[in-house]
Amino acid sequence: MKIHQFSAEEALASLKSRHDGLSQAEVQHRLNEYGANQVEKIQGESLIFRFIKEFVHFFALILWLAAGLAFFAEYRQPGGGMAMLGYAVLGVIVINGLFSFWQQYRAERAITALQKLLPHYVKVIRDGELEQILVANLVPGDIVLLEEGDNVPADCRLLEAFSLRVNNATVTGESLPQMRDAQPSSEEALEHSRNTLLAGTSVVSGEGRAVVFATGMHTEFGKIAHLTQTSVKSVSPLQLEIARLSRIIALLAMTMGVVFYFIGRSMGLSFWENFIFAIGIIVANVPEGLLPTVTLSLAMATQRMAKRNALIRHLPSVETLGSATVICTDKTGTLTENRMAANVLFLGGQMLTPTAIKRKPELARLHRRFFEDALLCHNLKETMRAGQWQVLGDPMEVALVRMAKNCLGEVISYPKINEVPFDTDRKRLSTVHQTPKGVVLYCKGALEMLLPLCKQIQTESGVAPLTAESRQDFLCAQETMASKGLRVLAFAWRELDNGHNAETGEKDLILCGLAGLEDPPRPEVAGAMRQCRGAGIKVIMVTGDHPHTALAIGRQIGQIQSDNPAVITGVQLRKLSETQLRLALDAPEIIFARVGADQKTRIVAALKKKKHIVAVTGDGVNDAPALKMADIGIAMGLTGTDVAKEAADMILLDDNFASIIAAIEEGRAVYDNIRKFLTYILTSNIPEIVPYLAFALFKIPLPLTIIQILAVDLGTDMLPALGLGAGKPEPGSMDKPPRPRKERLLDWRLLVYAYLFLGVLEAIVAMAAYFYVLHGGGWHWGVSLEAHDSLYLQATTACFSAIIVSQIVNVFLCKTPGRSLFSGKLFDNRIILWGIALEIALVLVIDYTDWGNLIFGTAPIAPEVWLFMLPFALGMLLLEELRKVVVAKFGGKER
């Protein structure tokens with residue numbers, strides 16, 4: 001016989017376990033024998049394959065082509081210096097590939113390390129005590145407790161089950177939740193047995209106690225690990241944009257190279273002069289550092305988000321979050337503190353406080369059934385953590401139990417023999433207990449769900465019929481409580497026959513009272529709401545609470561400021577057509593109340609059809625579809641279920657709405673930083689291209705060599721460019737609306753700004769320095785210079801050095817594109833400062849050392865040449881400040 005065919009006692013005996021769990025010594029023995037409860041990960045792309053990919057992307061292929069052509073030219077015409085060019089281009093490919101791979105590897109390692117902040121726990125009984133342990137430490141024979149929202153951590157055989165349903169889709173492919181119980185099964189197949197829970201499945205509702213019989217790779221899930229280990233990652237908007245940008249720039253570089261080759265031919269230049277000319281144009285236009293900079297920018301933003309309690313699970317999600325136009329947020333625990341307290345009670349037709357009842361014990365005796373209901377009808381668990389007993393579960397239930405204990409002045413412990421679990425459709429929970437006076441069903445939930453089930457009410461003089469007048473009294477009391485922002489729960493009970501089924505017992509109930517629970521708003525949420533308004537982000541509250549409660553909280557936190565916001569209940573939402581819902585979502589202020597998780601998915605779908613970028617928060621199993629459908633799914637780190645966390649793109653470590661806003665700010669910074677980086681590297685293309693144009697058009701000695709271009713692009717420019725990509729959010733980034741969905745990283749505004757303004761200014765500086773040295777050395781128009789002539793070497797060095805000086809100024813101009821350079825901190829980006837220091841060190845080494853002169857074709861230049869460049873650099877700064885003044889005055893749009 002197999003374990004699922006045994007009785008519960010026989011199953012325990014077969015595993016040499018017992019109801020009070022294994023001893024610690026036995027646990028350690030079994031852990032050594034069976035190993036950790038982990039499924040071996042299916043190998044994705046190997047490190048070698050990912051390493052190779054960094055050398056064969058579109059930019060790299062263009063550079064490989066350039067290197068191949070250079071070596072071919074050296075082969076056809078030895079001694080022409082093309083071999084050195086070929087080796088230099090190969091150096092570019094190798095350095096860029098190594099750096100890009102290292103950044104991607106570091107980013108993945110950082111995310112993996114951050115995700116370890118959220119290990120999965122499971123509740124077990126060991127040595128007769130309830131503990132929370134890491135899932136990896138489970139062993140066969142462990143007794144585990146599972147409830148709604150839990151992932152099943154290993155293959156288990158149920159010992160007890162209370163209305164337990166599981167989702168087996170990951171293992172068996174069954175789309176509908178399956179009922180489970182503890183009775184022996186006659187099924188042959190383990191996966192179809194009603195008393196087994198399989199690793200990798202999830203508990204949809206109910207709760208149960210089970211014994212583990214297989215862990216790790218010995219589970220059914222372990223045998224078919226690819227069903228859950230493989231997942232298709234969707235391509236983010238940023239990834240699509242980077243791919244598009246790469247193609248545009250690469251094709252632009254190739255096109256310009258070919259065009260200028262034919263321009264040179266038409267002007268009578270030799271084949272080899274044209275060849276050098278074309279390769280120079282191509283190399284100058286390829287932004288070799290783009291891909292590693294994007295990775296670095298995303299990775300550093302992820303690290304900063306983690307410090308602000310937002311854990312990013314997928315790197316490209318960082319920028320997507322910055323594009324969010326709508327946030328659909330839960331109320332409890334996200335907008336509020338999730339620190340419930342029962343402050344107001346409606347008992348016997350009057351409003352009372354727990355404090356008043358505690359002063360008059362006779363009131364507690366008169367309404368004993370109400371307090372029994374509050375004390376017993378829950379799914380709380382006690383566990384020992386850090387040497388202290390802690391209660392795990394819904395804070396609302398914790399508050400009710402605490403209130404009932406205080407009011408009754410005693411602890412009641414009637415055994416629970418059955419349960420009808422809470423779900424979003426029923427909006428109520430019922431538990432059945434064996435009391436000294438017989439079997440009693442206790443029920444709590446939304447008043448509108450309990451009222452139709454009730455026939456009587458509890459009064460101070462006993463049980464009385466539920467009349468239309470008393471029904472209205474309860475409804476009015478609920479309205480009063482909800483208008484004050486309280487979450488209102490109704491309580492009812494009835495006695496059952498010993499053989500009565502719990503699910504059919506939810507009728508003819510006795511309504512015994514209401515409890516108003518307060519969950520105060522988080523103090524920082526009001527400020528976050530103001531930021532959302534300033535940032536053009538619409539916040540929609542989607543809650544299961546009463547509309548009045550939701551509206552009261554919405555007003556307190558500043559989400560609702562108008563007199564007539566749109567408040568749509570779950571019942572109303574079901575009646576809306578798709579078109580009506582999309583029209584309703586146009587309301588400037590809107591709340592969805594008393595809605596189920598399935599309805600949240602419908603809201604998200606409608607918003608996406610309206611072309612919004614949607615961020616959604618969720619914590620329950622039923623939230624997973626909405627989290628997956630959203631552009632950014634945000635799970636709660638403290639109260640969220642495993643299923644919700646796995647479906648999310650981001651996890652809030654503190655469950656705080658304000659952390660979402662902080663993460664959006666970081667996401668916006670990523671997009672802005674990539675544009676700053678692009679502006680910086682594209683600007684230097686013009687002073688690198690203009691010397692080749694002047695060489696071809698005006699028959700002057702070539703002012704800048706290809707080796708010197710590579711020294712700028714991959715040497716002096718690299719670290720400052722990375723510094724721009726890793727910058728912190730700009731002041732005022734949350735004072736403007738989200739970027740339009742159709743806005744591109746590389747658009748005409750950026751190209752005009754980089755090429756026709758900053759680039760032209762830098763080209764003027766470079767060519768001025770070049771001609772200054774030539775003129776000072778007695779050169780005249782039409783005189784040719786040998787490649788090793790000291791005057792020519794000094795002139796190209798001056799051109800090269802002028803570009804670097806201009807780029808030092810340019811990095812500060814690009815750092816603050818929308819505001820004056822002097823309006824904030826100039827030196828708050830350490831990477832940029834180190835980059836400038838490296839630029840200065842490199843240019844001095846290249847200009848003034850023998851090996852620098854030999855490799856890069858340079859020669860020492862006089863101090864007056866540097867002094868000649870400085871006014872031009874200062875002029876760049878002044879012209880850019882003037883441009884910003886003009887843009888601000890005439891209302892132009894910043895790039």
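Q: Which residue in β5 is the bridge partner of Arg-165?
A: This is a predicted model, in which local features need pLDDT of at least 70 and side-chain atom pairs count only at pLDDT 80 or more, while totals for chains, interfaces and linings use all residues. Residues are numbered from 1 along each chain as its sequence is written, and side-chain values use heavy atoms, with hydrogens and water left out. Strands (E, at least two residues) and helices (H or I, at least four) are DSSP runs numbered from the N terminus, and two strands pair if DSSP finds at least two bridges between them. β4 and β5 (residues 178–180) run antiparallel and are joined by three bridges, and the partner of Arg-165 there is Met-179.

Q: Which residue of β7 stands opposite Arg-157?
A: Strand β4 (residues 155–167) pairs with β6 (residues 196–197) in the antiparallel sense over two bridges, and in β6 the residue opposite Arg-157 is Thr-196. β4 is also antiparallel to β7 (residues 202–214), over 10 bridges. In β7, Arg-157 faces Val-211.

Q: Which two strands stand at the edges of the eight-stranded sheet?
A: The sheet is open and mixed in its pairing, with the order β8-β26-β25-β24-β9-β21-β23-β22, and the twist averages 20° from one strand to the next. An edge strand has a single partner, so one side is left without a neighbour in the sheet, and this holds for β8 (310–312) and β22 (566–569).

Q: Which residue in β24 stands opposite Cys-328?
A: Three bridges link β9 (residues 326–329) with β24 (residues 614–618), and the two strands pair in the parallel sense. Cys-328 has as its opposite residue Val-616.

Q: At about what angle does α26 run to β9?
A: Angles run from 0 to 180 degrees between N-to-C directions, the axes being lines fitted to C-alpha atoms, for helices over the stretch in contact. Helix α26 (residues 657–683) lies across several strands, among them β8, β9 and β21. Its angle to β9 is about 160°.

Q: How many nonpolar, polar and charged residues form the contact of α26 with α30?
A: Helices α26 and α30 (residues 748–776) pack at about 40° with axes 8 Å apart, and they are therefore oblique, a class that holds the angles left once under 35 degrees counts as roughly parallel, over 145 as roughly antiparallel and 65 to 115 as roughly perpendicular. Contact means heavy atoms within 4.5 Å, and the residues that meet include Leu-678 in α26 and Leu-758 in α30. Ala, Val, Leu, Ile, Met, Phe, Trp, Tyr, Cys and Pro count as nonpolar, Asp, Glu, Lys and Arg as charged, and the others, Gly among them, as polar. By these classes the contact has eight nonpolar, three polar and three charged.

Q: By how many residues are Glu-147 and Lys-123 separated in the chain?
A: A salt bridge requires a side-chain nitrogen of Lys or Arg within 4 Å of a carboxyl oxygen of Asp or Glu, and the whole structure holds 34 of them. In one of these, the closest N and O atoms of Glu-147 and Lys-123 are 3.6 Å apart. Glu-147 lies in β3 (residues 143–147) and Lys-123 in β1 (residues 121–126), so described as distant parts of the chain, with a separation of 24 residues.

Q: What is the C-alpha to C-alpha distance between Thr-705 and Phe-856?
A: Thr-705 is found in the loop between α27 (685–698) and α28 (706–716). Leaving aside neighbours within four places in sequence, Thr-705 is in contact with Tyr-692, Tyr-792 and Phe-856. Thr-705 and Phe-856 are 151 residues apart in sequence, and their C-alpha distance in space is 8.3 Å.
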